[in-house]
Amino acid sequence: MPPLLHVDAFTAAPFAGNPAAVCFLDEARDARWMQSVAAEMNLSETAFLVPPASGDATDAWSLRWFSPSVEIDLCGHATLASAHALWETERIPRGSRARFDTRSGELGAARAGDLIELDFPASSLAPVADADAAPVRAAIGVDAQHPVLRTKFDYFVELADEGAVLAYEPDVVAFRSIHARGVIVTAAAKRSDADFVSRFFAPGAGIDEDPVTGSAHCALAPFWAARFGRTELTGYQASPRGGTVRVRVVGDRVMLGGHAVTVLRGELLV
């Protein structure tokens, strides 16, 4: 029966950060079955890992991510949870780098002190065309003084300050009408333990608000690195659970650092 772990990612304490299920498979399974398991887990993402065909555990593992309703192209917290689970269950040596073959190319994870650091592609930002901007602003609920940017996956809006991010109330029905995975809202932090804050909403993927979104930080990191003039920053995702992401911009890559905690171990019986 497939082993399964429930891991809280981007947190050093249980019941915070972003929970993910990590399912170990002996061989690839049908996408419909994986989607059914993810719906049963009802977490923002369930990760499915298949060992390398070479038999060498330090080669790239096949990794796929599913929300309760769709397959996801890129997911940070479930990748962090997967690396943590591989080391914790000793499927790969604790000192070795974890490698993953995914829909977004090869990704990596390594230990950096007491953190797990993910090696992800940076996400560029582009202005939304004027013809599209008005309906998107209307759906997001911001005026023309707040330019809307677009990443490969999401819309991106800088709000006035941290208080505006904390107070933001999304129209999740309207969000389903815009053609994007989700919406990132962000601002410079007032708190002393972070440089910027953010929140992420993806109702079209079955996630009204994601607790901590590693992939969103692939755009947040270069945006705020340019603003602050330095490449190493700390982001705080201000969801009800909350979580901290350490970011480091290296060329066209972003290193995402965080902790992870296993809260449940079990196995699927089907």
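Predicted model: local features only at pLDDT ≥ 70, side-chain atom pairs only at ≥ 80, totals over all residues.

Q: Is α2 enclosed or exposed, and how many of its residues are buried?

A: A residue counts as buried when its relative accessible area is under 20%. Twelve of the 13 residues of α2 are buried, so the helix is largely enclosed by the rest of the structure. Among the buried residues are H77, L80, H84 and W87. After α2 comes E90, which has a positive phi, near 60°.

Q: Which residues of strand β3 point one way, and which the other way?

A: E45, A47 and L49 point one way, whereas T46, F48 and V50 point the other way. Six of the six residues of β3 (residues 45-50) are buried, and the strand is mostly covered.

Q: In which sense, parallel or antiparallel, does β3 run with β4, and in which with β2?

A: Strand β4 (residues 61-66) runs antiparallel to β3, joined by five bridges, and W65 in β4 stands opposite A47. With β2 (residues 18-24) the pairing is parallel, again over five bridges; here A21 stands opposite T46 of β3. A right-handed β-α-β unit is formed by β2, helix α1 (residues 31-41) and β3.

Q: Which residues make the nonpolar surface patch?

A: M1, L269 and V270 make this patch of about 380 Å². V270 lies in the segment after β18 (260-267). With a relative accessible area of 69%, V270 is exposed, because the cut-off for exposed is over 50%.

How values were computed:
Residues numbered from 1 in each chain as written. Heavy atoms only, no water. Patch = residues over 30% accessible without salt bridge, like charges linked within 9 Å, V, L, I, M, F, W, Y side chains within 5 Å. Areas by Shrake-Rupley, 256 points an atom, 1.4 Å probe, with all protein chains shown as cover. Salt bridge = Lys/Arg side-chain N within 4 Å of Asp/Glu carboxyl O. Helix = DSSP H or I, 4+ residues; strand = E, 2+ residues; numbered from the N terminus. Buried < 20%, exposed > 50% of the residue type's maximum accessible area, 1.4 Å probe, protein only. Pairing = 2+ DSSP bridges. Right-handed = clockwise from strand over helix to strand, strands pointing away.
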